[in-house]
Amino acid sequence: MSNQELRANLAKHVNIRIPFMPILATDVQAVGFFDAGAAFDSSRGPSREELRPASVGGGVNLIGFVFQSSPLLFAVEVARRIDKRQSRPTVYGRLGAVF
């Protein structure tokens with residue numbers, strides 16, 4: 001299993017207040033990633049098919065603060081499987097803590 005991610009700052013210290021919400025957006029990041037492998041049952045070990053899945057993608061992270069104290073991450077990412085034909089990429093969104 002492998003997950004490689006590259007992040008680059010597009011804008012730093014933007015300080016945009018979102019109207020009617022206690023959120024302060026501070027940084028914007030571009031993200032590119034590559035994922036390979038899958039989980040397997042440890043009692044029998046991995047098979048070739050379980051190690052084969054792979055995807056590649058990218059997205060944008062918006063980092064901010066709620067009530068000017070708790071760091072918050074809003075991310076939108078687009079990924080495409082490269083181990084088999086996929087008609088359309090998959091879009092993911094997440095909201096959570098910054099790591």
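In which loop is Pro22 found? Pro22 sits in the loop between β2 (16-17) and β3, where strands are DSSP runs (E, at least two residues) numbered from the N terminus. The model is a predicted one, in which local features need pLDDT of at least 70 and side-chain atom pairs count only at pLDDT 80 or more, whereas totals for chains, interfaces and linings use all residues. Residues are numbered from 1 along each chain as its sequence is written, and side-chain values use heavy atoms, with hydrogens and water left out.

Pro22 counts as partly exposed because its relative accessibility is 40%, buried being under 20% relative accessible area, exposed over 50%, and partly exposed in between (1.4 Å probe, protein chains only). When neighbours within four places in sequence are left aside, Pro22 is in contact with Phe65, Val66 and Phe67, contact being defined as heavy atoms within 4.5 Å. Although Pro22 and Phe65 are 43 residues apart in sequence, their C-alpha atoms are 8.2 Å apart in space.

Thr26 belongs to strand β3 (residues 23-36), and it counts as buried because its relative accessibility is 9%. Not counting residues up to four places away in sequence, Thr26 touches Ala11, Lys12, His13, Val14 and Asn15, and also Ile63, Gly64 and Phe65.

On the surface, a nonpolar patch is formed by Leu62, Phe74, Val76, Val78, Val91 and Leu95, which together have about 510 Å² of accessible area. Such a patch is made of residues with over 30% relative accessible area and no salt bridge, nonpolar side chains (Val, Leu, Ile, Met, Phe, Trp, Tyr) being joined within 5 Å; a salt bridge is a side-chain nitrogen of Lys or Arg within 4 Å of a carboxyl oxygen of Asp or Glu. Strands β5 (70-81) and β6 (90-96) each supply at least two residues of the nonpolar patch, and β5 gives the most, with three residues. Phe74 is placed in strand β5 and, at 40% relative accessibility, counts as partly exposed.

The largest pocket has a volume of about 220 Å³, a pocket being an open set of points on a 1 Å grid, where a 1.4 Å probe fits, with protein on both sides within 12 Å along at least five of seven lines, and lining residues having an atom within 4 Å of a point. Of the 14 residues that line the largest pocket, Phe33, Asp35, Ser55, Ala79 and Tyr92 are the closest to its centre. Two or more lining residues come from each of β1 (2-11), β3, β5 and β6, with β5 providing the largest share, four residues.

Key: Patch = residues over 30% accessible without salt bridge, like charges linked within 9 Å, V, L, I, M, F, W, Y side chains within 5 Å. Areas by Shrake-Rupley, 256 points an atom, 1.4 Å probe, with all protein chains shown as cover. Points joined across faces, edges and corners; volume = space filled by probe spheres on them.
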